[in-house]
Amino acid sequence: MMSGEKNSQKICETTKKNPGQKKRLLTQLIFAIVTNGYVQGFLQKTIFKGGTKKFCVPGMNCYSCPGAFGACPIGALQAVIVSVKYKASFYVGGMITLFGVIFGRLICGWLCAFGLIEDLLYRIPVPKLTIPKKVDSVMRYLKYAILVVFVLLLPSVLTNEFGIAAPYFCEWICPVGTLEGGIPLVLLKESLRNTIGFLFYWKFAILIIIVLLSMVVYRPFCKYLCPLGAIYGIFNKVSIIRLHLDEDSCVGCNKCGSVCPMQVEPNKLPDSMECIRCGKCTDVCPTEALNIGVKKKG
């Protein structure tokens with residue numbers, strides 16, 4: 001088995017040599033700025049409350065971030081999960097479904113700001129860790145358990161007398177909310193610094209663990225914890241934009257699998273629910289048997 005350090009070196013070399021990865025990085029940066037570029041929020045120590053906050057951005061993005069122009073799909077879904085009579089849950093669910101049907105997990109690879117942060121952390125030149133395949137395979141199911149329990153089940157059954165539920169995933173797990181919303185607001189507002197307690201420190205600890213793991217393991221949050229990635233992964237087999245394999249052109253060299261940071265074998269499972277459509281496999285394919293798009297090349 002290839003060591004984590006050698007695999008990391010191959011991934012970094014692929015990024016440097018191929019313009020496709022530079023294009024992806026530029027897209028990630030632009031989208032992060034577009035969705036979280038409300039500078040006045042940081043200057044005025046508040047959050048944006050304009051009309052765009054009614055819409056969900058495709059990737060994980062904290063509603064309470066001072067710079068956020070849009071809402072987070074998971075946060076919005078939790079907020080309206082029991083509000084069927086108000087049609088809000090259909091609206092949010094419809095937006096998530098639309099994103100999934102069009103893009104699948106390409107959103108994770110190209111449009112998620114937290115995914116970008118994980119990508120940059122993994123570039124830090126420290127020894128990398130290879131998770132044993134059997135352990136990794138089991139841990140991948142954790143994000144689906146989190147989706148079912150914390151995003152769907154608990155907000156549906158644990159409500160107050162007014163039928164309102166707490167956003168359990170956002171409140172107890174989400175490192176994105178801590179990084180984009182919790183920490184900036186605590187730093188900006190002295191009144192909040194005087195009220196922080198166990199919950200803040202608990203989530204801060206989760207964030208620190210994710211940050212440290214992201215330096216040695218590629219995208220641990222995406223692989224093991226992200227409920228939005230779990231949802232989009234389900235759409236990977238039917239999404240309009242997807243990874244295509246031309247079996248006639250494939251020579252079975254497995255270069256695609258050797259550089260895949262998500263440990264997918266694109267020449268065997270191009271529709272894998274774990275594939276984030278990062279394009280590293282298409283960059284190294286010697287026969288151009290792989291491509292990302294609406295349809296196969298040729």
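Modeller: This is a predicted model, and in the protein the confidence is lowest in helix α1 (residues 4-17), with a mean of 50, and highest in helix α14 (residues 220-224), at 98. Over residues 11-15 the pLDDT is below 50, although this stretch has 13 contacts in the model beyond near neighbours in sequence. Where pLDDT is low, the predicted coordinates should not be read in detail. For the protein, the mean pLDDT is 89, and 90% of the residues reach 70 or more.

Biologist: How much space lies in the second largest pocket, and which residues are the closest to its centre?

Modeller: Rolling a probe the size of a water molecule over the atoms shows where empty space is left. Here the second largest pocket holds about 770 Å³ of space, and of the 37 residues that line this pocket, C62, Y63, S64, P167 and C170 are the closest to its centre.

Biologist: Which element gives the most to the lining of the second largest pocket, and how does the lining divide by class?

Modeller: The elements that give two or more residues to this lining are α4 (73-80), α5 (88-103), α10 (168-172), α11 (175-188) and α13 (198-216), and α11 gives the most, with 7 residues. By class, the lining of the second largest pocket has 24 nonpolar, 9 polar and 4 charged residues.

Biologist: Let us turn to the rings. How many aromatic pairs does a search of the whole structure find, and what kind of pair do Y122 and Y218 form?

Modeller: A pair of aromatic rings is described by the distance of the centres and the angle of the planes. The search finds 8 aromatic pairs. For Y122 and Y218 the ring centres are 5.4 Å apart and the planes stand at 85 degrees, so this pair is edge-to-face. Because Y122 lies in helix α7 (residues 113-122) and Y218 in the loop between α13 and α14, the pair ties together parts that are 96 residues apart in sequence. Elsewhere, ring pairs link Y38, F48 and F69 into a cluster.

Biologist: Are Y122 and Y218 buried or exposed?

Modeller: Y122 is buried, with a relative accessible area of 6%, and Y218 also counts as buried, at 5% relative accessibility.

Methods: Residues are numbered from 1 along each chain as its sequence is written. This is a predicted model: local features need pLDDT of at least 70, side-chain atom pairs count only at pLDDT 80 or more; totals for chains, interfaces and linings use all residues. Side-chain values use heavy atoms; hydrogens and water are left out. pLDDT is the predictor's confidence in each residue, from 0 to 100. Helices (H or I, at least four residues) and strands (E, at least two) are DSSP runs, numbered from the N terminus. Contact means heavy atoms within 4.5 Å. On a 1 Å grid over the protein atoms alone, a cavity is a set of points where a 1.4 Å probe fits but cannot get out, and a pocket is an open set with protein on both sides within 12 Å along at least five of seven lines; lining residues have an atom within 4 Å of a point. Grid points are joined across faces, edges and corners, and a volume is the space filled by probe spheres set on the points. Ala, Val, Leu, Ile, Met, Phe, Trp, Tyr, Cys and Pro count as nonpolar, Asp, Glu, Lys and Arg as charged, and the others, Gly among them, as polar. Rings of Phe, Tyr and Trp (its six-membered ring) pair if their centres lie within 6.5 Å; planes under 30 degrees apart count as stacked, over 60 as edge-to-face and the rest as tilted. Buried means under 20% relative accessible area, exposed over 50%, partly exposed in between (1.4 Å probe, protein chains only).
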